[in-house]
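Let's take a walk through this model, one contact at a time. Have the coordinates open and follow along.

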Amino acid sequence: MVYVLAFGLTRRAKDTHYSYCHPERRNIPTYKRFFLSPPKVGSVVEPNPHSLTSMKLSVLAALLASATTINAHATFQQFWVNGKDQAGTCVRKPSTNNPVGATQADMACNVGGNNPAPSTCAVNAGDTVSVEMHQQPGDRTCTTEAIGGNHDGPTVIYLAKVDNAATAQGASAGWFKIGQTGLVRTDYWGTDVMNANCGKVDVKIPLDIAPGDYLLRAEVIALHVAGSVGGAQLYMSCFQLKINSAGKASPPTVRFPGAYSPNDPGILFNLYGSYSTYTVPGPAVYTGGSAPAPPSVPPSSTTPTATVPPPPPVTTPTSATVPAGPQATHFQQCGGSGYNGPTVCASPYKCTYSNDWYSQCL
Ligand SMILES: [Cu+2]
């Protein structure tokens, strides 16, 4: 009897996810009821062997918990500073791996995103930090795609200066964008770059921003059903940072929700249509006057046209010396498709290939 009940509920729970990924099926009340009340991941209901009611509830709770950890959906869970693993110490872990709609109340830091992280990560302006996404809580396996299925779209990273990173509310914060990777080339997105990098997305903390507490907001905009209004699926986490800096800049900011509109070209987008560019929604990337952030392969509106080879040099070089010019420092980008910055690493670092779009000085 319990097994029959469990079977029926399992099918509904799976369909809940399916209906969310396919909004045209959202209006079925049973599905909606399940989706609208996502339980906390990891919540446990102890079964009472003497009570049939609590037994049913425990089965229900277990099934709902599994519905929040469906394959393909994902959360940003870990953080790195200059290649040093901080694990989940400064992430405000979302309660579920379900997506958030572009205009929903939880757009700033996801469901549960006002609950403080275990601690706050110390970062220097100019550091390269990485956010790391995976489908299931605590599962960092690189053999599983960070975000699976056809959840293609851009990766986007914001900062917000706050009084206290441990208590700041994402919805009250002012956000500026510090990195994004949209359409890299035909059928290859920021999410593909991230998946090829074991879930990691790198970004440079602008050198000139004012010191203090910040929230960092990492986001994926999955476009697989974004062809109809409200279909885009957003996955975000906020990280608590204390940034040490000699800078003074406070860039212009936007709000979440608010920064994205349902009809933005980057939110209402037919992934299966014919296109060669994609406009990442939100404001322009703030780079602080420095070189573009490492992972932003080509700029936001990427035109994956073939590059024209440069014309042959008019004069022959007269010396064999290494050309003088800027050198990339430790952890900075030094190569990759679409990258135009310095390709020589300052001694003793060597330019090290990480993938076709990113090499860094290590
Ligand atoms: Cu989905």
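Start at Asp-85, which is partly exposed with a relative accessible area of 39% (buried means under 20% relative accessible area, exposed over 50%, and partly exposed in between, with a 1.4 Å probe and protein chains only). Before going further, a word on ground rules: this is a predicted model, where local features need pLDDT of at least 70 and side-chain atom pairs count only at pLDDT 80 or more, while totals for chains, interfaces and linings use all residues. Residues are numbered from 1 along each chain as its sequence is written, and side-chain values use heavy atoms, with hydrogens and water left out.

What does Asp-85 form with Arg-140? The two make a salt bridge, with their closest N and O atoms 3.0 Å apart; the term stands for a side-chain nitrogen of Lys or Arg within 4 Å of a carboxyl oxygen of Asp or Glu. This pair links distant parts of the chain, since Asp-85 sits in strand β2 and Arg-140 in the loop between β5 and β6 (155–161), 55 residues apart. (Strands are DSSP runs of E with at least two residues, helices are runs of H or I with at least four, and both are numbered from the N terminus.) Arg-140 is also partly exposed, at a relative accessible area of 27%.

Two strands count as paired if DSSP finds at least two bridges between them. Strands β1 (residues 75–81) and β5 (residues 128–134) pair in the antiparallel sense over 6 bridges, and Val-81 stands opposite Val-129 in β5. As background, strands of a sheet pair through backbone hydrogen bonds, either parallel or antiparallel.

Back to charges: the whole structure has 4 salt bridges. One of them joins the side chains of Lys-242 and Asp-213, at 2.6 Å from N to O. Lys-242 lies in strand β12 (residues 233–244) and Asp-213 in strand β11 (residues 212–222), so the pair ties together parts that are 29 residues apart in sequence. Are these two buried or exposed? Lys-242 is partly exposed, at 47% relative accessibility, whereas Asp-213 is buried at 10%. Arg-217 and Glu-219 also meet in a salt bridge, at 2.6 Å from N to O. Here Arg-217 is buried, with a relative accessible area of 0%, and Glu-219 is buried at 0% too.

Most residues other than glycine have a negative phi, and most peptide bonds are trans. Ala-87, in the loop between β2 and β3 (91–92), has a positive phi near 50° and is partly exposed at 31% relative accessibility. Asn-110 has a positive phi of about 75°; this residue lies in the loop between β3 and β4 (121–124) and is buried at 4% relative accessibility. Then there is the peptide bond from Phe-256 to Pro-257, which is cis with omega near -5°. You'll find Pro-257 in the loop between β12 and β13.

Last stop: Tyr-349, in the loop between β13 (333–335) and β14 (351–355). Tyr-349 is partly exposed, with a relative accessible area of 29%.
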